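Please walk through this structure step by step. Keep the sequence and the 3D view side by side.

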Amino acid sequence: MPLETDITPPPASITQSPVTGNGRMGQVKGVRIAATGSYVPDKIVTNEDMAALGCDSEWIIRRTGIRARRHAAPEQATSDLCYQAAKNCLESGGIPASDIDLVIVATITPDHPTPSTASQLQARLGINAPAMDMGVACSGFTYALVTAAQFVGTGNCKNVLVVGGDLMSRTVDPEDKKISPLFGDAAGAVVLTSCDDDQADDENGQEKASNQDQPNGILAYQMGSTGAGAELLCIPAGGSRQSLTPDAHAAGQHFMSMDGRNVFKWAVRAIDESITAVLDHANIQANDLSLMILHQANQRIIDSAVSDLNIDSDKVFVNLDQYGNTSAASIPLALDEAVRGGRLQRGDLLLMSGFGAGLAWGTVLLRW
């Protein structure tokens, strides 16, 4: 997601400004991310490896910024990647599985239609807690994070494990040279926990006082959906609307279809509008941010956001070139790499924004 292609015009409802006008704003105090983790499969598929499709490596780089992606092994399912990411997350934070009160997995590539992938992950980790999936594609992680914050912020949970994982290589026609090069497989995880609104932990684990000018928690978020544009990015068959019959399978309707040009245009506007709204709501300037992580879909979308927001490009974390579009995994994967690379310290301002199928978006501003 997405390449620009000549497809039919989008519905009028996503061409009229603003495209994020039906978004919902909010704030959740007293929460923070206590740990991160991620996992990517071993198999690296470079642009050169995709030459058999008729894909030109330099064309892919020029159009998307992608140089490589990871593909899961045939025996691997989404829960396998999520398990490794969650395990790494819990270990990095020194958090025992017994301390987790809720498990949320954001995915559109579940192991099975039922049961949920979260339930399988919960059992495998030995967690005694409820578990549920969220299927919001590329916005899934931000949706799941905000959902987790509601449970923590209201005092109903102390620690929530939030995982974003997708095997996007299983959703695309491997012979489609326009779509297949865009996607990869990965999983990323965080533990969202409660914290005293008047205190935060520094990088050495010591408590330090904060002041009213530096509140903790999710300072602002926006979530929204423009369902009128749903058909611009969808998998037609396999659900209750259209069964995966032999004829549908033969026609390739179990693979993703995408109106790349119009999704691209929508995404550029949605990011600009949503991020601007969230920053305004929190009374924060773009250059006050310590780090910004956008859904890793297309380098030109990211570059457009940097230009529109007039933010220092050094503050924008990008690993799209290594992994491609990993859907719900892209933001937590990038976040974990940023944390391990020392890009965030306690007290920093972090903004994350996901956008994609639905058409849905979610933007979260939090104090690290």
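What follows goes from a strand and its partners to a loop residue and then to a pair of helices.

The model is predicted. Start at strand β8, residues 185-194. The strand is mostly covered, with nine of its 10 residues buried. Strand β2, residues 31-39, runs antiparallel to β8. Eight bridges join the two.

Now move to Thr326. This residue lies in the loop between α8 (320-323) and α9 (330-340). Is Thr326 buried or exposed? Its relative accessible area is 1%, so Thr326 is buried, the cut-off being under 20%. Which residues does Thr326 contact, leaving aside its neighbours within four places in sequence? They are Asp166, Met168, Gly184, Asp185, Ala186 and Leu333.

Two packed helices are described by the angle between their axes and the distance between the axes. For helix α2 (residues 78-93) and helix α3 (residues 117-125), the axes come within 10 Å and cross at roughly 50°. That angle makes α2 oblique to α3. The crossing of α2 past α3 is right-handed. From α2, the contact is made by Thr78, Ser79, Asp80, Cys82, Tyr83, Ala86 and Lys87. From α3 come Thr117, Leu121, Arg124 and Leu125. By type, the residues of this contact divide into five nonpolar, three polar and three charged.

Definitions and conventions
Residues numbered from 1 in each chain as written. Predicted model: local features only at pLDDT ≥ 70, side-chain atom pairs only at ≥ 80, totals over all residues. Heavy atoms only, no water. Buried < 20%, exposed > 50% of the residue type's maximum accessible area, 1.4 Å probe, protein only. Helix = DSSP H or I, 4+ residues; strand = E, 2+ residues; numbered from the N terminus. Pairing = 2+ DSSP bridges. Contact = heavy atoms within 4.5 Å. Axes fitted to C-alpha atoms, helices over the stretch in contact; angles between N-to-C directions. Parallel < 35°, antiparallel > 145°, perpendicular 65-115°, else oblique. Left-handed = near helix turned anticlockwise from the far one by under 90°. Nonpolar A, V, L, I, M, F, W, Y, C, P; charged D, E, K, R; others polar.
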